[in-house]
Amino acid sequence: MRIPAHSVCTAIRDDIVGGVYERGGRLTEEVLARRYGVSRVPVREALRTLEAEGFVVTRRHAGACVAEPTEQEAADLLEMRMLLEPLGAARAAQRRTEAHLKVLRGLVRLGQERARRGSSEDLRSLGGWFHETLAQACGSPSLTSMLTQLRHKIAWMYAVEVPPSPAESWAEHGAIVDAVARGDGERARALTALHGERTTAAHRLRFSGSGERVRTSQHAVNMSGVRH
């Protein structure tokens with residue numbers, strides 16, 4: 001049985017984003033293979049993918065290590081998101097399916113309900129699912145992939161403060177969905193840009209040059225459904 005490299009890649013990426021591996025720390029194939037219960041082949045392939053995505057770097061005499069992005073690189077990611085998310089919303093207004101709209105509307109309803117209850121952890125997850133679904137609705141695999149990578153990297157580099165008015169944030173989400181449902185690409189673009197400007201101010205860099213403690217991994221590669 002051969003475990004797909006993309007499953008290993010997802011597990012390692014999630015643990016990097018979650019802070020299991022410290023910035024600059026070594027990623028040894030043997031150790032990773034043992035941690036995730038796989039052979040070294042999918043680990044090697046996963047590390048190549050993560051290097052292409054910018055999560056991993058290969059250093060002479062050290063091998064694969066977790067990347068150490070600079071503050072400028074982190075700032076550039078937020079700027080890239082500000083450019084690409086409105087584009088994705090505009091494309092979604094023209095290309096979304098009824099299934100996309102159903103999910104987006106459902107997430108808005110849940111988000112508004114949780115906002116009234118003050119469930120901050122639920123709101124973070126729902127917000128991520130909302131933006132992921134909106135990206136998928138744009139109908140462009142390459143743009144969806146770029147937006148997904150940006151979200152992963154931003155979650156890795158930044159902590160996001162809970163908005164002072166979660167209900168207002170979810171009202172903005174609802175307005176974006178309404179524009180997408182009407183096929184109004186320009187309004188969807190403008191509303192997403194305004195939403196992005198507001199949320200960008202809540203981002204705070206996680207790193208400041210000091211060492212970070214390695215936390216215990218919560219991930220194991222899901223082998224269910226994997227076939228030869």
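## Basis of the model

Residues are numbered from 1 along each chain as its sequence is written, and side-chain values use heavy atoms, with hydrogens and water left out. Because the model is predicted, local features need pLDDT of at least 70 and side-chain atom pairs count only at pLDDT 80 or more, while totals for chains, interfaces and linings use all residues.

## Overall fold

The chain contains 9 helices and 4 strands; helices (H or I, at least four residues) and strands (E, at least two) are DSSP runs, numbered from the N terminus. Along the sequence, their order is α-α-α-β-β-α-α-α-α-β-α-α-β.

Of the 228 residues, 44% are buried, a term that denotes under 20% relative accessible area with a 1.4 Å probe, protein chains only. Contacts (heavy atoms within 4.5 Å) between residues at least 6 apart in sequence join residues at least 24 apart in 76% of cases.

## Helix α1

Helix α1 comprises 13 residues, 5-17, and should span 18 Å at 1.5 Å a residue; its end C-alpha atoms are 18 Å apart, in agreement with that value. The expected span is 1.5 Å times one less than the number of residues. After the helix comes Gly 19, with a positive phi near 85°.

Most of α1 is covered, with 10 of its 13 residues buried. Among them are Val 8, Cys 9, Ile 12, Ile 16 and Val 17, together with Arg 13 and Asp 15. The elements covering the buried residues include the helices α2 (29-36), α3 (40-53) and α7 (141-157), as well as the strands β1 (56-59) and β2 (63-66).

Strands β1 and β2 run antiparallel and are joined by 4 bridges; two strands pair if DSSP finds at least two bridges between them. Thr 58 has Ala 64 in β2 as its bridge partner. The hairpin has 3 residues between its strands, and His 61 in the turn has a positive phi of about 70°.

## The largest cavity

The structure holds 1 cavity of 30 Å³ or more. A cavity is a set of points on a 1 Å grid over the protein atoms alone where a 1.4 Å probe fits but cannot get out, and lining residues have an atom within 4 Å of a point. The volume of the largest cavity is about 50 Å³, taken as the space filled by probe spheres set on the points.

Its lining consists of Glu 85, Gly 88, Ala 89, His 131, Leu 134, Ala 135 and Leu 147. Helices α4 (71-95) and α6 (120-136) each supply at least two lining residues. By class, 4 lining residues are nonpolar, 2 polar and 1 charged, with Gly counted as polar.

Terms used:
Buried means under 20% relative accessible area, exposed over 50%, partly exposed in between (1.4 Å probe, protein chains only). On a 1 Å grid over the protein atoms alone, a cavity is a set of points where a 1.4 Å probe fits but cannot get out, and a pocket is an open set with protein on both sides within 12 Å along at least five of seven lines; lining residues have an atom within 4 Å of a point.
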